[in-house]
Amino acid sequence: MEHGYAKLARGPEHFIAILHAIGVPMPALMGWATILVELIGGFAVFIGAFVAVTAGGAQFGQPGYETDLLYLACLLSLVLSGSGPFSVDGRRSRSA
């Protein structure tokens with residue numbers, strides 16, 4: 001969520017300009033899509049919605065070591081403590 005919020009706080013037009021400069025097609029659409037995915041996806045993980053690790057394990061991209069470390073820390077926390085009693089998944093399991 002922090003990265004999406006930072007893009008909004010600094011002005012999405014700056015992020016869109018960067019995407020345009022590096023040749024991303026439809027930079028305005030892709031810029032807003034990126035911001036929304038970061039905000040909504042981050043919030044989903046925060047509330048414990050749809051959190052799962054598949055049989056193939058977690059997949060990491062190439063953005064840098066900070067993202068890998070963040071994913072590892074989050075996954076370790078979820079593995080050790082679960083998604084939590086107040087999470088969406090926790091409520092779904094109690095109602096089923």
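Okay, so let's start with the surface: this chain exposes about 7,200 Å², and carbon and sulfur atoms supply 70% of that. Those areas come from the Shrake-Rupley method with a 1.4 Å probe, and for residues only the protein chains shown count as cover. Before I go on, this is a predicted model, where local features need pLDDT of at least 70, side-chain atom pairs count only at pLDDT 80 or more, and totals for chains, interfaces and linings use all residues. Residues are numbered from 1 along each chain as its sequence is written, and side-chain values use heavy atoms, with hydrogens and water left out.

We've got five helices and zero strands, running α-α-α-α-α from the N terminus on. Helices here are DSSP runs of H or I with at least four residues, strands are E runs of at least two, and the numbering goes from the N terminus. Of the 96 residues, 19% count as buried; that's under 20% relative accessible area, with exposed being over 50% and partly exposed in between, using a 1.4 Å probe and protein chains only. As for contacts, meaning heavy atoms within 4.5 Å, residues 24 or more positions apart account for 54% of those with a separation of 6 or more.

Now, helix packing. Axes are lines fitted to C-alpha atoms, for helices over the stretch in contact, and angles run from 0 to 180 degrees between N-to-C directions. For the wording, under 35 degrees is roughly parallel, over 145 roughly antiparallel, 65 to 115 roughly perpendicular, and the rest oblique.

Take α1 and α2: their axes are 5 Å apart at an angle of about 105°, so the two are roughly perpendicular to each other. On the α1 side you have Lys7, Leu8 and Arg10, meeting Pro12, His14 and Phe15 of α2. That contact splits into three nonpolar, one polar and two charged residues. The classes: Ala, Val, Leu, Ile, Met, Phe, Trp, Tyr, Cys and Pro are nonpolar, Asp, Glu, Lys and Arg charged, and the others, Gly among them, polar.

Next, α1 (residues 2–10) against α3 (residues 27–47): about 135°, axes 7 Å apart. That makes α1 oblique to α3. The contact uses His3, Gly4, Tyr5, Lys7 and Leu8 from α1, with Trp32, Thr34, Ile35, Glu38 and Leu39 from α3. By class, that's five nonpolar, three polar and two charged.

And α2 with α3? Those axes come within 9 Å and cross at roughly 125°, which makes α2 oblique to α3. Pro12, Phe15, Ile16, Leu19 and His20 of α2 meet Pro27, Ala28, Met30, Gly31, Trp32, Thr34 and Ile35 of α3. Here the count is nine nonpolar, three polar and no charged residues.

Okay, loops. Which residue has a positive phi although it is not a glycine? Met26, at about 50°. You'll find Met26 in the loop between α2 (12–21) and α3, and with a relative accessible area of 55% it's exposed.

Then there's the loop between α4 (65–81) and α5 (88–95), where Gly84 sits. Gly84 is partly exposed, at 29% relative accessible area, and its C-alpha is 8.6 Å from that of Ile47, 37 residues apart along the chain. Leaving out residues up to four places away in sequence, Ser87 touches Ile47 and Gly48.
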